[in-house]
Amino acid sequence: MTNAELSKRDLAHIWHPCSQMSDYDEIIPIKQAYGAVLRDFDGKEYIDCVSSWWVNILGHSNERIAKAIANQADKLAQVILAGFSHEAIIKLSERLCASLGAPFNKCFYGDNGSAAVEIALKMSYHKNKLQGLEKPLFLNLKNSYHGETIGALSVGDVEIYKLSYGGILINAISTKVPMSFKDNEVSEDEALSDLASILKDYGHKISAFIAEPLIQCAGNMNMPSPSFYKKACEMVKNARIDVIFDEIAVGFGRTGTMWAFNQIGFVPDFICISKGITGGFMPFSVVLTNDSIYNEFLGDFSRAFLHSHSYTGNALAAAGANAVLDIFEDENIIEKNRSLSAFILAEFASLKNHKKVHNFRQCGMVLAFDLINVPKNSVKNMRFEALKRGLVLRPLENCVYFMPPYVISHEQISYAARQIKQMIDEL
Ligand SMILES: Cc1ncc(COP(=O)(O)O)c(C=O)c1O
């Protein structure tokens with residue numbers, strides 16, 4: 001099989017995500033992947049600078065995760081989780097609660113990031129209702145992204161994804177967020193005063209405030225300060241509004257600590273986790289919350305949280321997630337990432353003062369910058385030039401980012417940094 005043969009068969013039947021299909025003359029079928037590298041059917045290799053949509057944190061074909069899933073498959077792949085259970089999900093729940101720490105003590109499972117966001121939104125709204133409060137609004141940060149299902153899309157603020165669906169979204173209000181993008185700067189004070197006025201006018205109607213802690217990834221890798229999040233969350237809590245942290249993209253060490261909220265010094269009511277949870281092997285997600293929220297749902301059947309997904313608590317995914325936690329424990333990933341992110345910074349440092357680069361920034365294992373004074377569409381086209389040079393890059397508008405699997409080698413980082421600099425020089 002060649003790329004061309006498979007590409008033709010693919011395009012005959014597959015409607016690709018997040019794509020204008022008429023842009024595609026061909027797609028790239030991947031035959032095999034290992035570590036930070038993808039290999040296509042013609043034998044060409046690409047460094048996965050985006051961790052395959054930010055899920056693959058511990059390397060493609062990671063042996064320990066693959067083995068754990070295969071062993072689990074020999075025993076039990078899936079069992080209904082309503083009233084039944086299995087060892088892998090019990091062990092995982094204990095470990096996640098311990099890793100996040102008190103007061104997180106209850107896990108509700110889903111099978112993708114958007115589902116986790118839906119679960120947290122519904123739980124917060126429902127909990128308020130059980131307490132006799134009708135609060136039909138949600139609050140989010142401008143420039144945020146929380147997924148594509150109707151509820152998750154409603155609480156996001158990346159316009160391009162929402163444009164066509166205005167008529168069917170649920171009610172959400174967006175408050176300003178600090179940004180250092182050229183021509184679009186918002187200071188921390190300005191953002192907090194916007195929040196204060198929203199809380200004054202609408203606070204009593206808002207069930208929950210949802211935010212991506214430390215990095216708004218799909219929002220062009222905007223990185224507000226931990227202190228902004230802390231102040232904003234405290235204001236929100238004072239208005240008796242629940243706080244949901246969406247750690248779907250930033251959890252599992254991406255920001256330099258196991259959980260991004262560890263750097264903020266604020267403990268939310270709900271945390272949504274997905275993507276890295278199985279190292280990119282299985283679709284899976286979980287919402288963690290505390291006993292006090294959980295207890296509100298106890299009593300008559302009519303008080304129960306009746307949300308469910310068929311694959312909730314999937315045993316293969318749970319086994320994969322346990323293997324991911326084993327690797328974090330045994331292989332000192334957070335510590336290793338500290339020196340890896342310093343190496344990444346050093347390799348990209350020459351871009352910091354480049355005349356086409358603005359807002360050079362890094363948080364843990366994410367490095368990003370915006371390109372300015374470059375021809376229209378040239379950043380979008382970098383994606384195709386990068387492929388020719390053996391790199392998978394997906395710039396977000398004018399933002400170029402580097403967010404590789406944590407197993408990427410020094411040589412691969414240096415190669416990627418060199419190629420990216422050359423591409424920018426040539427724009
Ligand atoms: C912060 C955040 N929340 C939610 C989602 C949605 O997750 P999924 O694509 O698995 O539905 C994403 C996906 O990129 C995300 O980055």
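**Entry 1: Arg-64 and its partner**

I looked up Arg-64 and found it partly exposed, with a relative accessible area of 32%. The model is a predicted one, so I keep that in mind throughout. Which residue does Arg-64 meet in a salt bridge? The partner is Asp-330, at 2.7 Å from N to O. I placed Arg-64 in helix 3 (residues 63-75) and Asp-330 in helix 11 (residues 315-331), so the pair ties together parts that are 266 residues apart in sequence. Asp-330 is exposed, because its relative accessible area of 51% is over the 50% cut-off.

**Entry 2: other salt bridges**

I then took the count of salt bridges, which comes to 21. I picked out the one between Glu-296 and Arg-303, where the closest N and O atoms are 3.9 Å apart. Glu-296 counts as partly exposed at 23% relative accessibility. Arg-303 is also partly exposed, with a relative accessible area of 25%.

Next I followed a network. Is Asp-242 buried or exposed? Asp-242 is buried, with a relative accessible area of 4%. Lys-237 is partly exposed, at 30%.

**Entry 3: the second largest pocket**

I turned to open space. The second largest pocket holds about 890 Å³. Its lining has 32 residues, and the closest to the centre are Leu-81, Cys-107, Phe-108, Tyr-294 and Phe-305. I listed the elements that give two or more residues to this lining: helix 4 (87-100), strand 4 (104-110), strand 12 (285-290) and helix 10 (291-296). Which element gives the largest share? Strand 4 does, with five residues. By class, I noted 18 nonpolar, eleven polar and three charged residues in the lining of this pocket.

I looked for cavities of 30 Å³ or more, and the count is two. How much space lies in the largest cavity? It is about 40 Å³. Its lining includes Trp-54, Ile-57, Phe-252, Arg-254, Lys-275 and Tyr-406. Glu-247, Ile-248 and Ala-249 are also among the lining residues, as are Gly-251, Ser-274 and Gly-276. I sorted the lining of the largest cavity into six nonpolar, three polar and three charged residues.

**Entry 4: a nonpolar patch**

Ile-150, Tyr-165, Ile-168 and Ile-170 make a nonpolar patch of about 350 Å². Where is Tyr-165? I found Tyr-165 in the loop between helix 7 (159-162) and strand 6 (172-175). Tyr-165 counts as partly exposed, because its relative accessibility of 40% falls between the 20% and 50% cut-offs.

**Entry 5: Gln-419**

My last stop was Gln-419, in helix 14 (residues 410-426). Why does Gln-419 count as buried? Its relative accessibility is 11%, and buried means under 20%. I also checked Gln-419 against Tyr-34, which is 385 residues away along the chain. The C-alpha atoms of Gln-419 and Tyr-34 are separated by 21 Å.

Definitions and conventions:
Residues are numbered from 1 along each chain as its sequence is written. This is a predicted model: local features need pLDDT of at least 70, side-chain atom pairs count only at pLDDT 80 or more; totals for chains, interfaces and linings use all residues. Side-chain values use heavy atoms; hydrogens and water are left out. Patches are made of residues with over 30% relative accessible area and no salt bridge: like charges are joined within 9 Å, nonpolar side chains (Val, Leu, Ile, Met, Phe, Trp, Tyr) within 5 Å. Accessible areas come from the Shrake-Rupley method with a 1.4 Å probe; for residues, only the protein chains shown count as cover. A salt bridge is a side-chain nitrogen of Lys or Arg within 4 Å of a carboxyl oxygen of Asp or Glu. Helices (H or I, at least four residues) and strands (E, at least two) are DSSP runs, numbered from the N terminus. Buried means under 20% relative accessible area, exposed over 50%, partly exposed in between (1.4 Å probe, protein chains only). On a 1 Å grid over the protein atoms alone, a cavity is a set of points where a 1.4 Å probe fits but cannot get out, and a pocket is an open set with protein on both sides within 12 Å along at least five of seven lines; lining residues have an atom within 4 Å of a point. Grid points are joined across faces, edges and corners, and a volume is the space filled by probe spheres set on the points. Ala, Val, Leu, Ile, Met, Phe, Trp, Tyr, Cys and Pro count as nonpolar, Asp, Glu, Lys and Arg as charged, and the others, Gly among them, as polar.
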